[in-house]
Every structure is written in structure tokens, then in C-alpha cells.
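Student: I am new to this structure and would like to go through it step by step. Could you guide me?

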Amino acid sequence: MDSKFKKHGISRREFIAYGTAIGGTITVSPAVSQDSPGRINVPEASGYWFNKPLRILQTVLREPDARDYDAWSVVDYMVKSGCNTLVVNGGGIVDFFRNPLPAANLNSFMGERDILREITEACHNAGIYVIARVDFRGVEEKIYRKHPDWFSVDQDMKPVQLTYTRPQLYASCYSGYYRNEHAAGFIKYLMGNYQLDGIWHNSVGVGGICYCDRCRESFKSFSGESIPEMPGASDEKLDLYMKWKSHMADMHMDTIKKTVKSFGPDKAYSAEVFNMFHSGQRINDGIDLYNAREHFDFLISVAFLTENTELIHYEDLKYAGTIVRFLKSMAPEKEAIILYGGNGTSHRYVMEPETDLKVWLWEALAAGGRFWNCNFTGMHPGATFDRRNAFHHSDAYLFVKEHEKILANHAPAANVGIYYSKATRLSFRNKSVEDDEFGSFIRGVETVLAEDHIPYDFIADDQVTGDKLRNYRLVILPNVRCLSDKEADLLKSYVMDGGNILATYESGMFDKDGSSRDESSLAEVFGCNYTGRKINTRKDCYQHITDRDHFIVKQESPETSLLINAGYTLLCRPLSSGKTICTYVPVVHNQPPEKAWTNEWSGEYPTVIENSYGKGRCIYFSNQPDLVSFEMGHPDMRKLLLRSIRYLANDALQVETTAPESVHTGLTRSLVSRGDYIFSLVNTTSAPVRPLRRILPVSDLSVKLDLGGQLKNYKVLKSDGETIVEEANGKISIHISKLNDYFSVLLQTGS
């Protein structure tokens with residue numbers, strides 16, 4: 001065995017030493033930078049191993065990879081690149097272990113070897129955790145023929161096959177034998193015969209409608225009705241089916257989790273979840289973060305730079321941080337992890353743009369997130385056809401390894417919250433008059449917040465309470481169409497007691513089930529009533545500035561009476577308490593130019609209105625500044641949004657900086673050490689193209705932080721130049737002489 005270690009440049013003794021560090025027992029020096037006023041006291045990360053900062057490598061092995069598999073090479077690579085957890089093939093579709101169970105499909109390239117046993121033992125010798133990847137979405141035909149009654153059937157009772165796989169696998173369903181009794185027995189065998197630390201449930205979701213006897217009987221018992229027949233089923237019946245399907249998904253995940261946990265509470269169970277901006281189809285897999293967060297020991301979302309489609313586009317660089325903020329809003333005490341790599345799986349054999357990837361990881365880290373590097377094409381990224389990305393993650397992974405104790409148990413710190421509504425997301429399954437996409441409204445608000453360095457996080461609608469709302473000075477409703485009466489009452493009470501709201505367009509115009517209202521449930525907070533008229537203002541439309549001295553328009557009003565209008569606009573009439581800031585101007589057609597004029601620019605219908613409600617205030621936009629900021633980006637709309645945020649949040653905003661818009665900020669707080677914060681800067685400054693070519697350094701950045709307490713200690717975690725940290729007038733002042741890609745500092749405050 002020693003020869004294998006030597007082959008890869010590491011001795012057994014060195015290997016064990018590496019393992020001590022990588023397994024979570026590394027000691028972080030309490031010493032601080034020479035500029036620091038004192039020592040940093042870092043608490044131990046609490047909970048099980050999966051509650052501590054995870055640095056994950058997933059190797060999705062192909063069948064031939066088993067032929068020359070070298071476990072020690074994999075471990076050597078992981079040690080060098082800073083990983084502490086491996087996710088590796090267990091089985092399901094193809095088994096990488098000696099599977100004696102029914103429906104076994106042993107990898108023919110494995111011979112008499114047991115790949116799962118080899119890699120598990122090698123990783124544990126190095127202190128690396130091992131999670132087995134299992135996949136019960138379907139099987140090859142030879143397995144299906146042995147157990148045809150275990151799998152899904154269509155309306156004609158014919159087997160369902162997955163058209164996106166090659167070969168087309170025979171699909172399983174939530175209630176079927178394959179995903180339940182077989183899966184539980186499969187996992188019991190793995191956990192009982194291999195020293196695994198957890199299970200990764202790949203492709204946990206099930207699409208479409210299954211008509212097998214189990215599904216028919218279960219749906220009948222649940223609803224009293226027959227399973228919906230397609231096409232022709234009503235939306236109401238399909239929605240009822242989805243309630244049952246989500247219930248079955250919950251039961252399925254609960255069964256698998258209990259199976260895993262029967263081997264000990266320290267055994268981890270998790271799976272990936274949806275893109276938070278994807279509204280999906282009416283019939284979907286029945287799983288999203290709202291139910292998954294209860295089942296999984298850590299939360300992970302797919303966050304590829306690109307998607308698995310023919311027409312490729314690169315995700316906004318902010319998305320890695322966005323999804324971490326969202327995951328943390330769901331369960332702040334759990335690790336929030338982005339799954340990335342493989343060009344979104346569509347061009348997985350070649351490198352991804354390395355500069356984008358570097359920024360991607362720093363963005364996630366700045367929000368308190370961790371990483372899951374998914375490699376599809378070999379034993380590990382250093383042993384495949386294209387090795388240019390092999391160590392692209394090392395800077396971020398090794399940074400987390402070095403500062404593990406400091407980074408543990410952190411969540412975003414913010415006084416501004418974006419309201420996230422699952423009911424609104426689901427309502428976008430029905431095509432709207434505007435043909436808009438759900439995520440565009442949130443992304444527009446995010447763009448404005450990120451460019452102005454305003455910390456924010458998300459408020460999930462099913463977790464809203466009065467106490468939770470009171471944590472925020474400002475709550476933003478970016479076209480939150482669907483609000484229950486309970487939600488509306490909570491928001492009203494929040495404003496009545498002194499909170500502030502910024503809302504746009506159709507917020508509150510539908511109930512929780514997506515049924516339209518004649519009036520917004522928050523009309524009295526908005527300070528206006530809806531007339532029932534919706535106008536297409538996408539072209540040649542404007543807003544007239546009515547209150548020229550109002551903060552959000554005062555800077556522009558000496559030079560203009562008009563601002564752009566775009567998107568759609570609801571025609572509303574102000575209440576007596578409402579203060580109209582801008583009004584709707586009907587379309588002024590641009591051709592012929594001689595006729596492009598109107599007698600009356602000022603109108604009666606407000607597009608922007610401020611209203612006082614109890615002790616709090618609201619600014620309501622009857623149009624779509626969030627959508628327009630994302631899709632068009634005209635400065636009029638962005639400035640209106642930004643100034644409204646600053647006006648309503650006022651002195652509660654925590655960050656002031658001279659950094660340009662291309663430098664993003666991150667602010668997280670410790671959940672276990674009151675007064676501990678980590679402030680970060682991520683530099684995305686580059687040519688205005690994607691993928692990024694190179695990051696351009698920025699210099700002489702100043703930051704002022706208001707964290708509500710005096711600075712006691714600090715520790716610079718990463719900086720490219722001289723850093724000066726001091727306190728003056730109750731605020732923490734930071735000066736950074738140079739920023740290449742990432743800056744981070746731990747700040748300990750107190751009264």
C-alpha cells in the first residue's frame with residue numbers, strides 16, 4: 001500500500017497527517033493581524049460534521065472509470081485541493097459495489113473489485129467523509145423485465161420511459177415498490193456493509209403522472225377521486241393531484257431519511273432542489289425547498305454557470321450568492337451549498353470559464369455558503385481529458401479549510417428583506433397577459449441592492465411571523481401577487497407598528513390559491529385603490545413627476561418633468577392619505593414625429609405613491625420598476641427603486657462604501673457568537689462580456705459599517721493589500737489598498 005502512496009507523491013505518514021487537518025480538527029490560530037486591537041476568540045463549530053463548513057467533491061463515475069480506478073489518487077487530489085467530503089457512486093442505475101440484492105446491475109468494468117469499498121476506506125484513512133450517491137429514477141430494460149410491476153405506467157398501462165436518458169430508462173414513481181421497499185433495502189445494505197457517512201439521493205423528484213395501481217389507490221384514498229386523465233383534466237383537479245403528489249414526495253423523503261438515520265444521527269441525508277426562479281409546469285415533481293428543508297441535513301441547490309440546453313446563456317454572477325441567501329432564509333442553521341461544475345452538464349468534457357468560476361465561489365462564500373464541485377468525466381478532475389479546471393476551486397476551498405471555525409454557523413445579516421412567495425411562483429404556471437417570468441421581479445430588486453451594496457436576505461412566505469418581520473426595517477414585495485389574508489394582516493401590523501414596505505404592481509391582487517381580487521389586500525397600506533384597468537406601457541410611455549421635492553425624484557426634477565415608464569401599469573386612484581409622486585402618462589406615439597405630442601402630461605393615476613400607515617410608511621409602484629430594471633435597465637427605474645429603498649430604510653442600512661457597482665459586498669453574522677460578523681468584497685470588475693476574460697483589480701476602497709456595537713477585535717482573513725480597520729463615531733471604518741478578487745474580515749463587536 002505504501003507504494004501507492006509514493007506513486008502519487010505522498011507517504012502514509014503524510015497521508016494520515018493530511019487526514020487530521022482535512023477531517024475537521026485543524027487548529028485555527030487565535031492570533032490576529034498586527035493592526036488588530038486584540039485576540040480573536042473563535043468558538044467551536046456546533047453540531048454534527050455536516051453542520052460544519054463542507055468542501056465537497058462529487059465524482060459522477062462513468063462505467064469505464066471502474067476499470068483502472070485508483071482510490072489513493074482520488075484522495076491525494078482531494079487533500080491537495082482542500083476537499084473534506086467525497087460524494088461517489090453507490091448504485092441504483094449502475095452499481096459500483098458488490099450488490100447481492102434484487103435489481104442489481106453491477107458495473108461490468110469493475111470485475112471482482114468493489115470500488116465503493118476501496119474509496120470509502122481510502123477516504124476514511126485520510127479523515128475525508130464519504131457520501132454514497134444513489135439513484136432510483138429508473139432502470140435499464142434488462143432490470144425492468146425482471147420486475148415490471150415495480151415501475152411507472154401511463155394511462156394505457158404501458159411502461160413510462162425517460163426520454164432524456166440514453167438508454168431510455170424505465171421510470172419509477174413515489175408510491176412504487178422500486179422507490180420504496182427496494183430503495184430502503186438498498187440503502188440499508190449500503191449503510192450496513194460500508195462505513196458511509198451519508199446518502200446523496202440523486203434525482204429525488206418524479207415528473208409526470210403515474211397510473212400504476214398503487215398510485216391510483218393512494219390518490220383515491222387521499223382525495224376520494226380518480227386520478228386525473230390527460231389531456232382534459234381541469235386545473236383544479238391537477239392542483240389536487242399535486243397536493244397528493246407533494247404529500248407522497250414528503251412520505252418518500254421521510255422514509256429514506258429514516259432509513260439513513262437508523263444507522264445513527266450523524267449519518268447525513270440530502271438531495272438537490274429546484275432553481276428558485278423557475279415556476280415549473282402545473283404537473284411537476286412535487287418537491288421544493290418548502291418541504292425539502294425539513295428532510296435534508298444540509299441544503300443544496302443546483303447552481304451551474306449555464307443550463308443543460310442547446311441555447312446556452314451564463315447565469316448572472318450574483319446568482320451563486322442569491323441561492324445561498326435563499327437557502328439560508330429557509331434554514332439558517334444548516335449548511336447552504338451550491339452544486340456547480342461541468343458546464344451545466346451539457347459540455348461536461350471540457351473546462352468551464354475559470355474566471356467566472358472563481359467569482360462564482362467567492363459570491364457564494366460572501367453570503368455564507370459552501371461548495372459542491374461536481375465532476376462527471378473521470379476519477380477526479382485531475383485525471384480526465386481536460387484538466388484545466390482541476391484546481392480552479394482550490395483558493396476558495398483552502399480558504400474555508402483554513403478559517404473553518406470562524407466561518408461555521410454564519411447566515412446573512414440584513415435589515416432589508418425580499419419577500420419570497422411560493423404561491424406567486426406557482427401562479428406563474430398560468431400564462432399571464434404580460435407573459436412575464438416569475439424571477440424577473442426579484443432579480444430586478446436584487447440588481448439594485450447589489451449594485452448599491454445594500455445587504456439583504458429573503459423572507460419565505462410560509463415562515464412569516466410578526467417577530468420575523470420586525471427584524472427588518474424594510475420589506476420589499478416585488479410583484480408578490482399572491483397573499484393570504486393572514487399574510488396581509490401580518491404585513492399590515494408590521495407597518496402599523498413602524499415597519500416600512502416597498503411594493504410593486506400586482507402585489508396582493510390574488511389570494512393564496514391564485515384567485516384574483518378586485519382590490520389588493522394591502523390597498524390601505526399602499527394608499528390607493530385599483531380601478532380594474534391594466535395598461536400596456538411597454539412602448540412610448542412616461543411618468544410625470546408630480547411631487548418635485550420628494551426625495552426619490554428631487555435630484556432629477558430640476559432637469560426633467562418626465563421619467564420613463566415601461567412594462568405594464570395598473571391604473572389606481574389615490575386615497576386621501578396617499579401622496580402622489582409620479583403619475584401615468586398615456587402613450588405618446590413616436591411616428592410621425594410631427595404628431596408625437598400631447599396636450600396633457602400630468603395625469604390623475606399615480607404610478608408612484610407614498611402612504612403613511614400607522615407608524616410606518618409604504619412606497620407603492622403601480623408599474624413594474626423591478627422587472628424593467630432587470631430586463632431593460634433604464635436608469636430612471638433603477639434610481640426610483642434605489643432611492644425608495646434608501647428613503648424607507650433610512651439609517652438602518654449597514655454598509656457605505658466607495659467601491660464601484662462591480663464590487664459586491666457580503667455581510668454575515670454568527671448564529672452562535674453574538675456580535676461576530678464577517679464582511680466580504682467580491683470583485684467582478686471586467687470587460688462587459690460573459691464569460692469573464694480577467695478580473696481587473698480595484699484600489700483604495702473605503703467601507704463604513706454600522707453593526708450596532710463597538711469594535712472589540714478583528715481578523716483580516718484575506719486581503720491583497722494593506723488593510724486598515726478602525727472605529728470612529730460608532731461606525732467601523734475599513735480601508736483596503738487593493739482588491740484583486742476577494743477580501744474578507746472577521747469583526748467582533750459588543751456593547
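Student: Are K718 and D741 buried or exposed?

Tutor: Both K718 and D741 are buried. Buried means under 20% relative accessible area, exposed means over 50%, and partly exposed lies in between, with a 1.4 Å probe and protein chains only. This is a predicted model, in which local features need pLDDT of at least 70 and side-chain atom pairs count only at pLDDT 80 or more, while totals for chains, interfaces and linings use all residues. Residues are numbered from 1 along each chain as its sequence is written, and side-chain values use heavy atoms, with hydrogens and water left out.

Student: What do the side chains of K718 and D741 form?

Tutor: They meet in a salt bridge, at 3.3 Å from N to O. A salt bridge is a side-chain nitrogen of Lys or Arg within 4 Å of a carboxyl oxygen of Asp or Glu. The pair links distant parts of the chain, 23 residues apart: K718 is in strand β28 (residues 710-718) and D741 is in the loop between β30 (731-739) and β31 (742-750). Helices (H or I, at least four residues) and strands (E, at least two) are DSSP runs, numbered from the N terminus.

Student: Which residues are linked in a network with them?

Tutor: The network of salt bridges links K358, D395, K718, D720 and D741.

Student: How many salt bridges are there by this rule?

Tutor: The count comes to 46 salt bridges. One of them joins K512 and D461, whose closest N and O atoms are 2.9 Å apart. K512 lies in the loop between β16 (500-504) and α18 (523-526), and D461 in the loop between β14 (457-460) and α16 (466-469), so this pair ties together parts that are 51 residues apart in sequence.

Student: And how accessible is K512? What about D461?

Tutor: K512 is partly exposed, with a relative accessible area of 33%. D461, at 5%, counts as buried.

Student: What is the N to O distance for K539 and D540?

Tutor: The side chains of K539 and D540 meet in a salt bridge at 3.2 Å, N to O. K539 is exposed, with a relative accessible area of 55%, whereas D540 is buried, at 18%.

Student: Where is K245, then? And what is it in contact with?

Tutor: K245 is in helix α8 (residues 235-261). Leaving aside neighbours within four places in sequence, K245 is in contact with Y174, V206, G207, G208, I283, N284 and D285. Contact means heavy atoms within 4.5 Å.

Student: At what angle do α7 and α8 cross?

Tutor: The axes of α7 (residues 213-223) and α8 come within 10 Å and cross at roughly 110°. The two helices are therefore roughly perpendicular to each other. Axes are lines fitted to C-alpha atoms, for helices over the stretch in contact, and angles run from 0 to 180 degrees between N-to-C directions. Angles under 35 degrees count as roughly parallel, over 145 as roughly antiparallel, 65 to 115 as roughly perpendicular and the rest as oblique.

Student: Which residues make the contact?

Tutor: On α7 they are C215, S218, F219, F222 and S223, and on α8 they are L240, Y241, K243, W244, H247 and M248.

Student: Where is P231? And which residue does a cis peptide bond join to P231?

Tutor: P231 lies in the loop between α7 and α8. A cis peptide bond joins M230 and P231, with omega about -5°. The peptide bond from R166 to P167 is also cis, with omega near 0°, and P167 is in the loop between α5 (141-144) and β5 (170-171).

Student: Changing topic, what is phi of A103? And of D435?

Tutor: Phi of A103 is near 70°, a positive value in a residue other than glycine. A103 lies in the loop between β2 (85-91) and α4 (115-125) and counts as buried at 9% relative accessibility. D435, not a glycine either, has a positive phi of about 60°. D435 lies in the loop between α14 (422-427) and α15 (438-451) and is exposed, with a relative accessible area of 51%.
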